[in-house]
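Work through the exercises below with the sequence and the structure at hand. Each task is followed by its solution.

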Amino acid sequence: MIKLTKNQILSWTSGENNFKDYNPEIANVVTDSRKIQENDCYIAIKGENFDGNDFIEQAINNKASVVLSNRQSSHKEVITVEDTVIALGNIAKNYLMQFDIKKLAVTGSSGKTTTKDMLYYVFNEHFSTHRTDGNYNNEIGLPLTALNIDNEYEAAIFEMGMSALGEIDYLAQLVRPNIAIITNIGSCHIEILKSQENIFKAKMEISNYLNNDDYLIVNGDDKYLTSLSENEYKFNLIKYGFSGECQLRASDYKAIDGQSEFWVTGMGINRRFTLPAIGLHNVSNALSAIAAGLIYKIPTEKIQAGLMKFQPSKLRMQILEKNNIKYINDSYNANPESMEAVITSFESYARGRRIAILGDMLELGEFSVPAHERIGRLASEKFDLVFFIGSQMKHAFDNFSIDENTDKRKYHFIDNNIAIEEIKRIIKYGDTILLKGSRGMKLDEIFSALTDDNMEG
């Protein structure tokens, strides 16, 4: 972050502070009172468990040079604003405007973090690139990501999440991306938004601030996104995928030794690419990164080199071998589309017994029962043994068919701790185990319990 001043913050937030002669420099912006250092700007945000305004005195004692609060204060450090979250967004928006930087934004029901990471590795081969850290993709995390940019960066990749209409519009107006990417329109948050049509509308908000020279890159194999027509918009539209109508197309897919090989045609190129991840869904994500790289004239050799450096974020297709058991931990989150994609591609990773630990897919509302039933049927085609975790996964358990002539088995648990003990008892050397479920199911706890302890067998 380049240094700001109190008066800049005051102007950008339209806040109140009567100490006009007090104008210190600000080295960093923080929202966590435990991380305050000298000359920081502390923004007091009210969360579910704590109210940041209760730590204003602590912030000042820790030598924060500026504090943003929605409470009136006599301290010279305090700028009073109506809404500290909106104030944080305004600071980030104005801060970004100081940089001549390539801005890319990614959203989608699934695959957006993987796509963000692929974009980062591709762009960082040619430009000094910044990206969203972890899951900093909401109205607090995204501004903090923006405020970590400084003059060394030439490009920035922003991930945008949402759970309701209007949220991506807010993030997009802060960033004003030059390239926006939508990975797909799935069922995530359908409990709140009620229909995929509303999810489509919410994701399309990422394009609300694109100009004539900007690009929207979308998955041309998605039934909602493929309906988009360039004639409807002032910006440029690029579709990627496996169908012949896409401007950038993949074909001749092969999974070899944990890598994907595929041919890419369109946008002026015709060549084979290799990706250190398998599954058609990962090839699709890579296509969006290739398209963005071509728009910015990154040489194809550098695009390929960047893709080969790709590493997924934590809890996303994390592969670990321990005690001759192969674990594939994709437990960060789950919805029907991402669950089906990883189950379908799992056999390319598998050796020995094919085992899955599948947790509930949350926030599906009235769509939850049929979605879990479908996963149960698919799992019965792909796995030898499945541990179903959670109340909704009982529907998958009931639809996991077992032929009397096979050694297939299935188990259902509500409690993770009970599941852990049973899983430890059953798994053995040579197994390949997939973990996939919504974040709220805490399958990462099961992964840690299985991989931290020494196995017997």
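**Exercise 1.** Which residues of helix α10 are buried, and what do they pack against?

Solution. Helix α10 spans residues 300-308, and its buried residues are T300, I303, Q304, G306 and L307. Buried means under 20% relative accessible area with a 1.4 Å probe, protein chains only. Because these residues cover an arc of only 160° around the axis, they are on the same side of α10; the arc is that of the directions from the helix axis to the C-beta atoms. Their packing partners are α4 (112-123), β15 (269-275) and α9 (280-295), where contact means heavy atoms within 4.5 Å.

The model is predicted: local features need pLDDT of at least 70, side-chain atom pairs count only at pLDDT 80 or more, and totals for chains, interfaces and linings use all residues. Residues are numbered from 1 along each chain as its sequence is written, and side-chain values use heavy atoms, with hydrogens and water left out.

**Exercise 2.** Describe how α11 and α12 pack.

Solution. The axes of α11 (residues 336-345) and α12 (residues 368-382) are 10 Å apart, at an angle of about 5°. That makes α11 roughly parallel to α12 (angles under 35 degrees count as such). From α11, P336, M339, E340, I343 and T344 meet A371, R374, I375, L378 and K382 of α12. The contact residues divide into 6 nonpolar, 1 polar and 3 charged.

**Exercise 3.** Which strands stand at the edges of the open sheet of 4 strands?

Solution. The order is β3-β4-β5-β6, with parallel pairing. β3 (28-30) and β6 (78-80) each have a single partner strand, so they stand at the edges. Two strands pair if DSSP finds at least two bridges between them; β4 and β5 are joined by 3 bridges.

Terms used. Buried means under 20% relative accessible area, exposed over 50%, partly exposed in between (1.4 Å probe, protein chains only). Helices (H or I, at least four residues) and strands (E, at least two) are DSSP runs, numbered from the N terminus. Axes are lines fitted to C-alpha atoms, for helices over the stretch in contact, and angles run from 0 to 180 degrees between N-to-C directions. Angles under 35 degrees count as roughly parallel, over 145 as roughly antiparallel, 65 to 115 as roughly perpendicular and the rest as oblique. Ala, Val, Leu, Ile, Met, Phe, Trp, Tyr, Cys and Pro count as nonpolar, Asp, Glu, Lys and Arg as charged, and the others, Gly among them, as polar.
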